[in-house]
Amino acid sequence: MTQFPDGFLWGTATAAHQVEGGNVNNDHWEMEHAEHSPFAESSGDACDSWNRWEADLDLVAGAGLDTYRFSLEWSRIEPAEGELSRSALDHYRRITDGCRDRGLTPIVTLVHFTMPRWMMHDGGWTGPKAGDRVARFTELALPAVEHAEYVLTLNEPNLMAVQPVIGAMARRGEPIHGLPVPDQGVAEALIGLHGRSTEVLRGAGAPPSGMSLVGLEYIDEGGGQEHLQAARAAMMDQFLRAAAGDDVVGLQVYTAQRFGADGLIAAPADRQTLAHGMERRPEALGAAIRYASSVLPETPLLVTENGIATADDADRIAFTADALTGLAAAIADGADVRGYVHWSLLDNFEWMLGFAPTFGLVAVDRETFARTPKPSLAWLGEVAKRNGLA
């Protein structure tokens with residue numbers, strides 16, 4: 001029996017645009033419907049979780065999990081600049097309170113990739129007004145997060161800073177295998193936005209806060225140490241340093257990157273999963289946690305995402321068990337990790353890849369939205385009840 005610390009949180013996650021449906025007023029909806037869109041399909045009604053969130057929470061609590069992570073959709077709360085939708089704000093507050101009513105610990109993300117259209121068309125994340133806008137949105141959102149356990153300001157800003165680079169590579173017709181290094185200007189802008197949001201949260205006496213980051217295992221296949229260190233410095237180190245004063249840091253870990261003398265090496269085809277050609281690497285979780293803990297030994301960590309896109313639910317269980325074994329070993333060696341949140345609760349809209357990648361513990365019928373729990377949901381619930389792996 002592999003035990004986890006007393007009070008360890010066990011949960012699963014969703015994100016607003018990926019499950020709610022009908023988020024017509026944000027940047028991704030516009031991009032999904034643009035001529036020659038790179039998106040495989042539109043998010044459309046997604047999983048209809050805007051209407052079915054109570055049933056979703058019942059699934060989480062009914063399985064024996066004790067934590068639910070979800071995000072706010074900025075474009076619903078502030079549909080026009082400076083205009084507050086009290087109805088939308090109350091909707092998200094009801095979800096937070098609904099978690100508490102079911103004995104679930106709510107973790108709320110303020111910004112999970114999307115922004116309102118009006119912001120997209122006036123500078124976006126790097127525009128001169130972005131800091132004031134993020135600070136205002138954080139202030140508007142306070143009533144929805146006051147009963148949360150943790151508040152995450154930005155979801156994966158290190159990945160957000162990579163997106164412009166990937167877009168430029170795609171336009172040039174360059175092959176993309178693995179994540180290139182972030183655009184440094186975008187990275188610095190996002191770190192600044194995290195700071196502005198944190199100032200508002202702390203000034204208001206909000207719950208403990210931080211940001212969530214993509215975590216990777218970095219592997220030198222021989223002669224790749226220089227490339228590895230440069231990639232890790234850009235993707236991880238600068239963001240971890242920026243998080244040094246936070247109350248908590250979320251790590252979202254799926255895969256590894258391998259480096260040789262010529263730089264990044266693509267994962268072998270037989271090790272790739274459906275989503276973005278990522279390598280199936282459960283060991284990455286423990287490795288990424290160990291590294292983050294070495295950089296921020298005084299800052300508590302949360303695993304805010306970990307999972308695998310697969311149609312084979314038995315493999316999902318095997319992958320998660322291996323990942324948790326590595327996580328437990330990292331904790332035993334001194335990493336301060338407060339919980340594990342699996343991605344994701346539902347088979348949902350996976351951005352440019354549409355609905356093809358299935359990360360969920362629960363299947364969703366694309367026509368009726370009926371939820372069908374997979375064996376992995378019950379399995380993870382039993383892990384949570386034992387607070388350990390059998």
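Predicted model: local features only at pLDDT ≥ 70, side-chain atom pairs only at ≥ 80, totals over all residues.
**Stop one: H3 and H5.** Select residues 49-63 for helix H3 and residues 86-101 for helix H5. Now show side chains: from H3, Trp50, Trp53 and Leu57 take part, and they meet Ala88, His91, Tyr92, Arg94, Ile95, Gly98 and Cys99 of H5. Coloured by class, this contact has seven nonpolar, two polar and one charged residues.

**Stop two: the largest cavity.** Stay with H3, which gives four residues to the lining of the largest cavity, the largest share. This cavity has a volume of about 100 Å³. To centre your view, pick Thr14, Val19, Tyr68, Phe70 and Ile95, the closest to its centre of the 14 lining residues. Helix H1 (16-19), H3, strand S3 (67-71) and H5 each give two or more residues to the lining. The lining divides into nine nonpolar, three polar and two charged residues.

**Stop three: H12 and H13.** Next, select 284-295 (H12) and 313-332 (H13), whose axes are 7 Å apart at an angle of about 25 degrees. An angle under 35 degrees counts as roughly parallel, and H12 and H13 are therefore described that way. Their crossing is right-handed. Look for Leu285, Gly286, Ile289 and Arg290 in H12 against Ala323, Gly326, Leu327, Ala329 and Ala330 in H13.

**Stop four: the second largest cavity.** Finish at a cavity of about 50 Å³. Its lining includes Tyr254, Thr273, Met278, Phe319 and Phe359. By class, the lining has six nonpolar, two polar and three charged residues.

Terms used. Residues numbered from 1 in each chain as written. Heavy atoms only, no water. Axes fitted to C-alpha atoms, helices over the stretch in contact; angles between N-to-C directions. Contact = heavy atoms within 4.5 Å. Nonpolar A, V, L, I, M, F, W, Y, C, P; charged D, E, K, R; others polar. Parallel < 35°, antiparallel > 145°, perpendicular 65-115°, else oblique. Left-handed = near helix turned anticlockwise from the far one by under 90°. 1 Å grid on protein atoms, 1.4 Å probe; cavity = no way out; pocket = protein on both sides within 12 Å on 5 of 7 lines; lining within 4 Å. Points joined across faces, edges and corners; volume = space filled by probe spheres on them.
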